[in-house]
Amino acid sequence: MTEQRVAIVTGASRGIGRAVALRLASEGRHVVCVSRSQGPLDELVSEIQAAGGSASALTCDITDFDAITSMIDTVVNDQGRLDILVNNAGITKDNLILRMSDEEWDDVINTNLKSVFVACRAAARPMMKNKFGRIVNIASTSGLVGNSGQSNYAAAKSGLTGFTKTVARELGKKNITANCVAPGFIETDMTKDLPAAVTEHIKSVISTRDLGKPEDIAAAVAYVTSDDAGYLTGQTIAVDGGMTMC
Ligand code: NDP
């Protein structure tokens, strides 16, 4: 029998990352739940353990790039392996291009793109040693088709898709896959403050006519990180209710 696979999920304190952590734990992974907030992570670990799963928590600010590398080293030292890396943590700092500050640009690029490069670089060696790896980077449909007010975010998320294809090409022969899952509009803290008129408009252009749930994204991540998905790499899977179809 395969030993228990060890997964890191960043941004696990709420929203999509929390749902991904719960789903991977329910499928028998040991899940290392990562974010900046200890309290919600501890609650999540307790919930997973109460359901018979296995999890631990590590705090890490992914804008501190040295801290990302240390976090991954800690996981490999503590758990003895790293099989699955889900780079999910992300932020928005929206503004129209005319008004976007350098700081808004840099914060979003560093959090949503550079952190993923640093994490993948740190994870590559232990995964190569392991002769197995599943990397999933959470992109966005904004990176596929653009979105007014999100030039920083769309650039970061679009950057992830090209970056991920390159990781897939470089590491494929080591039995490591790298894919993006690109959510459409999902009901989380990130989208809860949208004006009602905007939400209604968004629903009208989604084929299924509704926002998605974090569990919809978790289901896709569960497949992409499974042992069965070894021949799926370099892809960006849009989970968006048929909003973009590209
Ligand atoms: P939320 O805002 O609900 O959660 C964001 C998560 O990221 C939190 O767990 C937060 O943890 C963590 N995080 C943010 N900044 C940092 C940081 N510097 N260091 C460590 N952790 C951090 O977002 P969602 O769940 O909605 O989004 C998750 C991912 O999905 C993001 O990458 C987002 O861009 C993407 N996405 C979401 C969509 C949506 O409609 N919701 C659509 C398309 C993509 P904490 O604050 O505790 O540190």
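Analyst: A19 counts as buried because its relative accessibility is 9%; buried means under 20% relative accessible area, exposed over 50%, and partly exposed in between, with a 1.4 Å probe and protein chains only. This is a predicted model, in which local features need pLDDT of at least 70 and side-chain atom pairs count only at pLDDT 80 or more, while totals for chains, interfaces and linings use all residues. Residues are numbered from 1 along each chain as its sequence is written, and side-chain values use heavy atoms, with hydrogens and water left out.

A19 is found in helix α1; helices (H or I, at least four residues) and strands (E, at least two) are DSSP runs numbered from the N terminus. Leaving aside neighbours within four places in sequence, A19 is in contact with P214, E215 and A218, where contact means heavy atoms within 4.5 Å. A19 and L211 lie 192 residues apart in sequence, and their C-alpha atoms are 16 Å apart.

Helix α8 (residues 214-224) packs with α1 at an angle of about 50 degrees, and the axes are 8 Å apart. Axes are lines fitted to C-alpha atoms, for helices over the stretch in contact, and angles run from 0 to 180 degrees between N-to-C directions. The two helices α1 and α8 are therefore oblique to each other; angles under 35 degrees count as roughly parallel, over 145 as roughly antiparallel, 65 to 115 as roughly perpendicular, and the rest as oblique. On the α1 side the contact is made by G15, I16, A19, V20, R23 and L24, and on the α8 side by P214, E215, I217, A218, A219, V221 and A222.

L160 is found in helix α6 (residues 151-171) and counts as buried because its relative accessibility is 1%. Beyond residues up to four places away in sequence, L160 touches N112, L113, V116, N137, I138, A139 and C180. T177 sits in strand β6 (residues 176-183) and is buried, with a relative accessible area of 3%. With residues up to four places away again not counted, T177 touches G133, R134, I135, V224, A229, G230, L232 and T233.

Two loop residues have positive phi without being glycine. N175, with a phi of about 65 degrees, lies in the loop between α6 and β6 and is partly exposed at 36% relative accessibility. R209, with a phi of about 60 degrees, lies in the loop between α7 (196-205) and α8; at 51% relative accessibility, R209 counts as exposed.

As for rings, R5 lies over the face of F132, at 3.5 Å from the ring centre; a charge sits over a ring if NZ of Lys or CZ of Arg is within 6 Å of the ring centre and within 35 degrees of the ring normal.
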